[in-house]
Amino acid sequence: MDNPVFHIEKLNFWYGAKQALFDVDVTIRPNQSTAFIGPSGCGKTTLLRCLNRMNDLIERTRVEGKIALHGQGLYAPEVDVIELRKRVGMVFQKSNPFPKSIFDNIAYGLRIQGVNSKNDLADRIEASLRKAALWDEVKDRLNDSAMALSGGQQQRLCIARAIAVEPEVLLMDEPCSALDPVATAKIEELIQDLKKEFTIVIVTHNMQQAARVSDHTAFFYLGKLVEFDVTTKIFTNPANKQTEDYVTGRFG
Amino acid sequence: MKIRDWRSVAFTGATGLATFCIVAMVVVILGNIVWDGAAQMSLRFIFGGTSEGMFDAQKAGVFPMIFGTVALVVLMTIGVVPVGVITAVYLTEYARHESLITRVIRGAINNLAGVPSIVFGLFGLGFFVQFVGGGIDKVFFGGQLHYAKPALIWAAATMAVLTLPVVIVATEEALRAVPHGFREGSLALGATKLETIWKVVLPQALPGILTGAILAVGRGAGEVAPIMFTGAAYYLAHLPKGPTDQFMHLGYHVFVLSTQSPDIERTKPILYGTVLVLLLLTFLLNLTAVLVRAGIRAKLRAANG
Amino acid sequence: MELHFDHELTHLKEMLLRMAALAEQSVADALKALVERDDELARKVDMEDVQLDRMEIDVDREGVQLIALRQPKAGDLRFIVVAMKVATELERIGDQAVTIAHRSRELASEPPVKPLVDIPQMAAIVQKMTHDVLDAFVYIKPDLAREVITRDNEVDKLREQVHRDLRNSWLKIHPRSPAPSTS
């Protein structure tokens, strides 16, 4: 396969003395969505947060092995974590818009990058709100507080905020788990559109969602990668009995 | 009545009684002061000076003391808030939570909070007035006496050290109350830690920080022991012109009146009047700060939706 | 871990096994009607076919319901989809048995050509194949399934034998005219 975005090789990860990932090998392909599934505590979120080094925020974590973004190791000493996070954006499980206006929320990332002219900001904010399928709902109230939006709208706002800085990859950590089915469906539709422009990695505990939304699926159990394949194969004819048991709901 | 009922009735009664006692005490104290001090209230008293006669109830004024107290509190606040906030930010956002340095700093803050006020006074004298002041004089003024004496700036510095723990603790609480999600969201967009703190965390924590400042102001206006050796004066002919001047102070004036007065009965009205003015001033300072905080809270509530 | 869903899958399997037993029975009855020229039995085969039609509809309905409500994946999904196809095939066996039964009614009014040997043997093999293949499907025995496939060769050979015998009989009676097609 040409030009993988992420190449993860023999990745091991510890929280203090507790090992959370064991020799994980995964490849993330460009302009596709890859899902990480598995029961609670299997390491899928840990792995996701390694991809933009958000795990650095936790004390006493240790990484061994390699994660390469277009060939360059993420944990190499010369890597600028700030720049990395501009290329690899993240949307969180519980939507976290800033207590500012809708406009200022999306402008936040842009201003940090030095975009300050009112026109530039307005254009880019409109573009990202359109891509996040939120423009029509908020175009007349950009100065209202972001916290006044519904849960589903807030999450789409967070998506707009993340894609406004034009990252290459969008990491999504169970983005719909706090949302109702209608809001969830809207975001799942959105992910299918976003794939054209971004590479998406999504962690979900909802198997049906992984089946609906992803091109490739990786199944994790107790910190190990059990199976990684095209989503169709994982859900119609998985090679591994553990995968079959999980996918048919006969786990535990 | 069932057993469960009488227990809760008794408990409600006990808490009601305690509340009543507290309120009664406040009413008695304030009532006593207002009763005896109200007679002394007049424009001459508030705006007049001490040139006529400090111990004469008909002629005394406390304006220099009001001016000195306010100046002290303002300088103290300018000193304590930045230092306290930066320390709290370090402890909450940067320090590793179990490291030795963190525990040492926290221990120091706790101990500082327990130091008696008079000790602060001696500390202020020895450290600020003599050591720092003397050092400045030696380095900048070739030995001439400019700073190595009791002064407004040293009293303010001493009070700042005294109220530091309160500001640090209040700020830490406010910082911890800011949801972690805001920090994560900011960092995930490629902001540095400093940008995150400055643009997202501190604005949210502002009401809490102001609470700390309000508590500091409350102590700063009232404490007398720390300023006795470091800047407060028994009598000055004029108002302090700069930070190196001494100043008169409402609380200190009460002390002066009660220990230096030739005729305590004649001075008593001035005493009560001064105390009343001090209480009113503290109340006003607090009210201003509370209003500012309320304004900020209202703005935050609008932003927080 | 056993789920309620597993009970539902077991129920579906039982339906298929009952269908297969009925299909086997109707083939046996159709052959007996042919050999013994029994009109009663021929009519019984008709009734069995009607029942098989109903059972196929039941299996289809059950399968669609399970897919809609349980969203089965992997092995479960493949089983349900194939089960519906198996039901269709079993229903067709019933149709073929009816064809044999009707033919046997017509032939009952004609004099017999020769004693039937090969055809009953074919029927016996086919019955056993039906039984075994359902067993292999429901209880997941891939080796048995593969073996059943090979038995088809025996049935083919017996069929060719029957055709050869019939052609020879015809030629004996009509030496010069070509035998009607027996394909």
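**Close-up 1. Packing of helices H2 and H3 in chain C of the predicted model.** Axes here are lines fitted to C-alpha atoms, for helices over the stretch in contact, and the angle between two of them runs from 0 to 180 degrees between N-to-C directions. In this predicted model, helix H2 of chain C, which spans residues 39-70, packs with helix H3 of chain C, residues 74-108, at an angle of about 165 degrees, and their axes are 9 Å apart. Because angles over 145 degrees count as roughly antiparallel, H2(C) is described as roughly antiparallel to H3(C). The crossing in which H2(C) passes H3(C) is left-handed. The residues that form the contact of H2(C) with H3(C) comprise 15 nonpolar, four polar and 10 charged ones.

**Close-up 2. The two domains of chain B.** Chain B is divided into domain 1, covering residues 1-40, and domain 2, covering residues 43-304. The centres of domain 1 of chain B and domain 2 of chain B, taken over C-alpha atoms, are separated by 32 Å. To the contact, domain 1 of chain B gives seven residues, and domain 2 of chain B gives nine residues. On the side of domain 1 of chain B that touches domain 2 of chain B, the residues are four nonpolar, two polar and one charged.

**Close-up 3. Contacts between the chains.** Two pairs of chains are in contact, and of these chains A and B share the most contacts. Chain B and chain C, by comparison, are joined by no contact, and the closest C-alpha atoms of chain B and chain C lie 35 Å apart.

Definitions and conventions. Residues numbered from 1 in each chain as written. Chains lettered and ligands numbered in written order. Predicted model: local features only at pLDDT ≥ 70, side-chain atom pairs only at ≥ 80, totals over all residues. Helix = DSSP H or I, 4+ residues; strand = E, 2+ residues; numbered from the N terminus. Parallel < 35°, antiparallel > 145°, perpendicular 65-115°, else oblique. Left-handed = near helix turned anticlockwise from the far one by under 90°. Nonpolar A, V, L, I, M, F, W, Y, C, P; charged D, E, K, R; others polar. Domains from an automatic or database assignment.
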